Amino acid sequence: MIWDAIVVGGSFAGLSAAMQLARGQRQVLLIDAGEPRNRFAAQSHGFFAADGAEPGELRGRAWQQLMAYPTVQFRQSRVNSAEKLADGNFFLSDETGTQYQGKALILATGLTDTLPTIPGLAQRWGKSVIHCPYCHGYEFRNQPIAVIATGEASVHQAAILPDWGPVTYFSQGQFMPDAEQLALLKRRGVTLEHSAVTAVEGEGFDINHMLLADGRRVPAKVVYVAPKTAFGHTLAQQLGCELEQGPLGAYIKTDAMQQSSISGLFAAGDMASPMHNGMLAAAAGVKAGAAAHRVLMLG
């Protein structure tokens, strides 16, 4: 069977894209490996009409609604290879060796996050170790904030966070602000600390303090860190998509309607944007699905 569209990725962006195509009465195959980027977060905040809902609950509700459309089918699997054929269709193969063809392809698999190898960080990721104040910062308002630097994005984090609470910027002795950045952090009331964080300590998911290399302990209740991001596969590279470099890692370059540099190939969500947010991912998915439908109709 040649599907009208194949959507790879079943979280906010992929589900939103598939919904537009389903409502356009197209034959849609949704393939998902079951590892959404936001699976570590207990709640999704700032999402229109669903503030504080569990990401899994939102996905489950969307899945139920999407699968009510008779032209949609689902496969739980991981796509390993993809190519564009001479006839313009896309040819995919998954981890089981099953092969698929589609006239249009939407990539919406999100990203993977790599955190600094500091004890106490990874197990609190998405709970009290976070990256976005708009997503999770309100719940930690007016409490001591730690920013563990990983690169240029960390200075930006530290500069905006004083609106949520008192901030200490931990440069790790590596990511030293330049004169202009230093003036900005000073103006914003950020405390600088150059002794490296060697552990994040507390009970369970709670944080009490940062343990430093010189033996001191600095109080903190929440840690912000800008993780390094990467695709969880090489599909974009296999297909020859043009990439751009964002503050955290590479992402797929798209036009205003989420079409990549490859005709008929769309990308949506975190893997196609330097800004990462659930609502932005869902909105990009809507655009990608509608644009793919337009291509199917009009060529």
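User: Which loop does threonine 150 lie in?
Analyst: Threonine 150 is in the loop between β9 (145-148) and α4 (152-160). Helices here are DSSP runs of H or I with at least four residues, strands are runs of E with at least two, and both are numbered from the N terminus. Bear in mind that this is a predicted model, where local features need pLDDT of at least 70, side-chain atom pairs count only at pLDDT 80 or more, and totals for chains, interfaces and linings use all residues. Residues are numbered from 1 along each chain as its sequence is written, and side-chain values use heavy atoms, with hydrogens and water left out.

User: OK. Is threonine 150 buried or exposed?
Analyst: Threonine 150 counts as buried because its relative accessibility is 12%. Buried means under 20% relative accessible area, exposed means over 50%, and partly exposed is in between, using a 1.4 Å probe and protein chains only.

User: What is threonine 150 in contact with?
Analyst: Leaving aside neighbours within four places in sequence, threonine 150 is in contact with Pro116, Phe175, Val225, Ala226 and Lys228. Contact means heavy atoms within 4.5 Å. With alanine 226, a polar atom of the threonine 150 side chain lies 2.6 Å from the backbone oxygen.

User: Zooming out, how many helices and strands does the chain have?
Analyst: The chain has 7 helices and 19 strands.

User: And which domains does the assignment give?
Analyst: Domain 1 covers 2-113 + 228-298, and domain 2 covers 116-225. Those bounds come from an automatic or database domain assignment. The contact between domain 1 and domain 2 takes 11 residues from domain 1 and 10 residues from domain 2. Taken over C-alpha atoms, the centres of domain 1 and domain 2 are 32 Å apart.

User: What does UniProt list for residues 4-284?
Analyst: An unreviewed UniProt entry lists residues 4-284 as "domain: FAD/NAD(P)-binding". UniProt positions are in the numbering used here, feature names are shortened, and annotations may be inferred rather than shown by experiment. Over residues 4-284 the chain is 21% helix and 28% strand, with the end C-alpha atoms 20 Å apart.

User: What does the C-alpha trace span?
Analyst: Along its principal axes, the C-alpha trace of the chain spans about 65 × 35 × 35 Å.

User: What share of the 299 residues counts as buried?
Analyst: For the chain, 51% of the 299 residues count as buried.

User: Back to single residues. Where is arginine 37?
Analyst: Arginine 37 is in the loop between β2 and α2 (55-66). Its relative accessibility is 15%, so arginine 37 counts as buried.

User: Which side chains are joined to arginine 37 by a polar contact?
Analyst: The side chain of aspartate 113 is joined to that of arginine 37 by a polar contact of 2.6 Å, and the side chain of histidine 276 by one of 3.1 Å. A polar contact is a pair of N or O atoms within 3.5 Å; within protein, one must be able to donate a hydrogen and the other to accept it, and residues adjacent in sequence count only if both atoms are side-chain atoms.

User: What about glutamine 25, what is its phi?
Analyst: Glutamine 25 has a positive phi of about 60° although it is not a glycine. Glutamine 25 sits in the loop between α1 (12-23) and β2 (28-32), and at 67% relative accessibility it counts as exposed.

User: And glutamine 172, buried or exposed?
Analyst: Glutamine 172 counts as buried, at 14% relative accessibility. Glutamine 172 is in the loop between β10 (167-170) and α5 (179-187), and its phi is positive too, near 60°.
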